[in-house]
Amino acid sequence: MEERLQKVIAQSGYTSRRKAEELIQQGKVTVNGEVVTVLGTKVTKKDTICVNGKIINKEDKVYYVLNKPRGVVSAVSDDKGRKTVVDLIKTTKRIYPVGRLDYDTTGLIILTNDGELTNFLIHPKNNIEKVYIAKIKGLITKEHLKALCGGVIIDGKKTGKAKAKIIRLDKKTNTSVVELIIHEGRNHQVKKMFEAIGYNVLKLKRESVAFLTLDGLKSGDYRELSIKEVKMLYAQKNSQD
Ligand code: URA
């Protein structure tokens, strides 16, 4: 498979893609002994790539599942200096989160350096199931639950079919706890879905992604995925209904 030179360099863990582009333009990169300065040059696994005279290898792939605490950013770095999900994992590899959980959302997030798996998991056509538990202000009605399941308009577009069930209604505090199962990953999707039917989300936790759960993981804990689990993730294509 052909890939862009700067992407292969970045995936080796040598540097970021932007830095790799600079190195290519500065004439610091050779492919099979020839200096290459054209960005986007296509290379394959068979090509020998050197940066500053050093051969680079494809980095081994790693996969983690983290129970993200509240107050942590789902990003590789943060310009405000806040703690990120990557800071919580001890690794020398250049990992990043698959999708995002909001700063105040807790729960399951996958981190990896495998771009192919990332694309697979976030592509809407693969319909990967995500289970959320939302604590909302107000006592939710059956009609509103039905509306969530049928799809509501957020950012001008209807959400896909979902499943929703009431876990708890608390008249005293005027709050409800709802389990919501969705297959998309739009920006702030769960909060916006509840907003669309008139409820404010007070607390949000992602309980699972596909078959992965938080079992055995306390807040801030993480574990590596097994090869079997990674293969099972790739096999997770769900039908649209
Ligand atoms: N939906 C949200 O609104 N926030 C999250 O963090 C995840 C899903």
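1. Let's start with a term: a pocket is an open set of grid points where a 1.4 Å probe fits, with protein on both sides within 12 Å along at least five of seven lines. Keep in mind that this is a predicted model. Here, the largest pocket is the space that the ligand takes up.

2. Now for the backbone around the ligand. A polar backbone atom of His188 sits 3.1 Å from an oxygen atom of the ligand. For Gln189, a backbone N or O atom is 3.4 Å from a ligand nitrogen. Val190 has a polar backbone atom 3.0 Å from a nitrogen atom of the ligand. As for cover, on its own the ligand has 240 Å² of accessible area, and the protein covers 95% of that.

3. Next, have a look at the aromatic rings. How many aromatic pairs turn up in a search of the whole structure? The search finds two. One of them joins Tyr64 and Tyr222: the ring centres are 5.7 Å apart and the planes make an angle of 80°, so this pair counts as edge-to-face. The cut-off behind that label is planes over 60 degrees apart.

4. Where do these two tyrosines lie? Tyr64 belongs to strand 7 (residues 63–68) and Tyr222 to strand 17 (residues 222–224), so their pair ties together parts that are 158 residues apart in sequence.

Conventions:
Residues numbered from 1 in each chain as written. Predicted model: local features only at pLDDT ≥ 70, side-chain atom pairs only at ≥ 80, totals over all residues. Heavy atoms only, no water. Polar contact = N/O pair within 3.5 Å; in protein donor to acceptor, adjacent residues only side chain to side chain. Areas by Shrake-Rupley, 256 points an atom, 1.4 Å probe, with all protein chains shown as cover. 1 Å grid on protein atoms, 1.4 Å probe; cavity = no way out; pocket = protein on both sides within 12 Å on 5 of 7 lines; lining within 4 Å. Sits in = over half its atoms within 2 Å of the grid points. Phe/Tyr/Trp six-rings, centres within 6.5 Å; stacked < 30°, edge-to-face > 60°. Helix = DSSP H or I, 4+ residues; strand = E, 2+ residues; numbered from the N terminus.
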